[in-house]
Amino acid sequence: MIGDIVETKQCQLKDPMDLFHSGQVVKICAPMVRYSKLAFRTLVRKYSCDLCYTPMIVAADFVRSAKARDSEFTTNKGDHPLIVQFAAKEAQVLCDAARIICPFADGIDLNCGCPQRWAMAEGYGACLINKPELIRDMVRHVRNQIDNPRFSVSIKIRIHEDLKRTVDLCQKAEATGVSWITVHGRSVEERHQPVHYDAIKIIKQSMSIPVVANGDIKTLKDAESVHHLTGADGIMVARGLLANPAMFAGYEETPLKCIQDWVDIALEHGTPFTCFHHHLMYMMERLTSKQEKKVFNVLSSTSAVLDYLNDHYGV
């Protein structure tokens, strides 16, 4: 809750742009609905993740409702650098949301990539890649109304079937003052098809601001290979980190120490049981047999999960 974090000072925040200029590939935890919340961000930061995003937050609800702010956004002193991702379709609404968040985060990201039907129907997410002027207005508004010059404004997009349109969109966004662009290398229609890393490479070559590659990156080796294929300045991972939060630290599968860390962090943060359990189901996917999954996945209380982990893994 915002009220719990007023002591966070801007001078303590690390500028994400410093990461992009460090000469190292920036390792990023993607915005994931339900999953990339404070407790999980705390976990992946322990294992070499450089930059974390919040789950996507609908800016209009966030601005309108204190209840939405309290349930959607929690942070603390160690939760930096942090990018808050918003779904928005009106410049002033995005601006108002950015102003509320500014003292507690290092930047905002405008979601121009979510392909879910509800988001597209509401005018959010991936439908914005067909509205470059609207993206430009939203970015300009935030740039003009947020005083802190180190506060980043980024966008996350999908690609068009005609890549020229995507390059044009990115160049317009760069001219407007976007800090960096994250490219999920699939079109809106594509779900499980191979990612077009060649498209991300072409976009990277057309830009002078940092470009982040996203899509189907499951291991540190994948991340390195995508960096070499695309030249991207950063690598953003979603499902790969759910399955193995220690991925960026070079672990091939989730180490038991990481599972222990998750239990400690989740309990300390008062993580709701469903979220606590789901994360463990993802993390233990490769460690457990079919039979074990049948038992573990239907456990229905924190104490039952803790007993299971203790009995089977000494966690």
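Predicted model: local features only at pLDDT ≥ 70, side-chain atom pairs only at ≥ 80, totals over all residues.
Reader: Why is C170 called buried?

Author: C170, which is found in helix α8 (residues 163–176), has a relative accessible area of 0%. Buried means under 20% relative accessible area, and therefore C170 counts as buried. Setting aside residues up to four places away in sequence, C170 touches I157, I181, I203 and M207.

Reader: What makes C114 buried or exposed?

Author: The relative accessible area of C114 is 11%, and because the word buried applies under 20%, C114 is buried. This residue is placed in the loop between β5 (107–112) and α6 (117–121), and, apart from neighbours within four places in sequence, C114 is in contact with M56, A119, M120, G125 and A126. An unreviewed UniProt entry places the feature "active site" at C114.

Reader: How do you know whether R34 is buried or exposed?

Author: R34 has a relative accessible area of 55%, and since exposed means over 50%, R34 is exposed. Its place is in the loop between β1 (26–29) and α2 (38–46), and R34 has a positive phi of about 75° although it is not a glycine.

Reader: What makes helix α12 roughly antiparallel to helix α15?

Author: The axes of helix α12 (residues 256–269) and helix α15 (residues 302–313) come within 12 Å and cross at roughly 155°. Angles over 145 degrees count as roughly antiparallel, and therefore α12 is roughly antiparallel to α15. The crossing of these two helices, α12 and α15, is left-handed.

Reader: Which residues of α12 and α15 meet, and how many of the contact residues are nonpolar?

Author: From α12, L256, I259, V263 and L267 meet T302, L306, L309 and Y313 in α15. The residues of this contact of α12 with α15 divide into 7 nonpolar, 1 polar and no charged.

Reader: Where is a cis peptide bond?

Author: A cis peptide bond joins H80 and P81, with omega of about -5°, and P81 lies in the loop between α4 (66–72) and β4 (82–87).

Conventions:
Residues numbered from 1 in each chain as written. Heavy atoms only, no water. Helix = DSSP H or I, 4+ residues; strand = E, 2+ residues; numbered from the N terminus. Buried < 20%, exposed > 50% of the residue type's maximum accessible area, 1.4 Å probe, protein only. Contact = heavy atoms within 4.5 Å. Axes fitted to C-alpha atoms, helices over the stretch in contact; angles between N-to-C directions. Parallel < 35°, antiparallel > 145°, perpendicular 65-115°, else oblique. Left-handed = near helix turned anticlockwise from the far one by under 90°. Nonpolar A, V, L, I, M, F, W, Y, C, P; charged D, E, K, R; others polar. UniProt positions renumbered as here; feature names shortened; annotations may be inferred.
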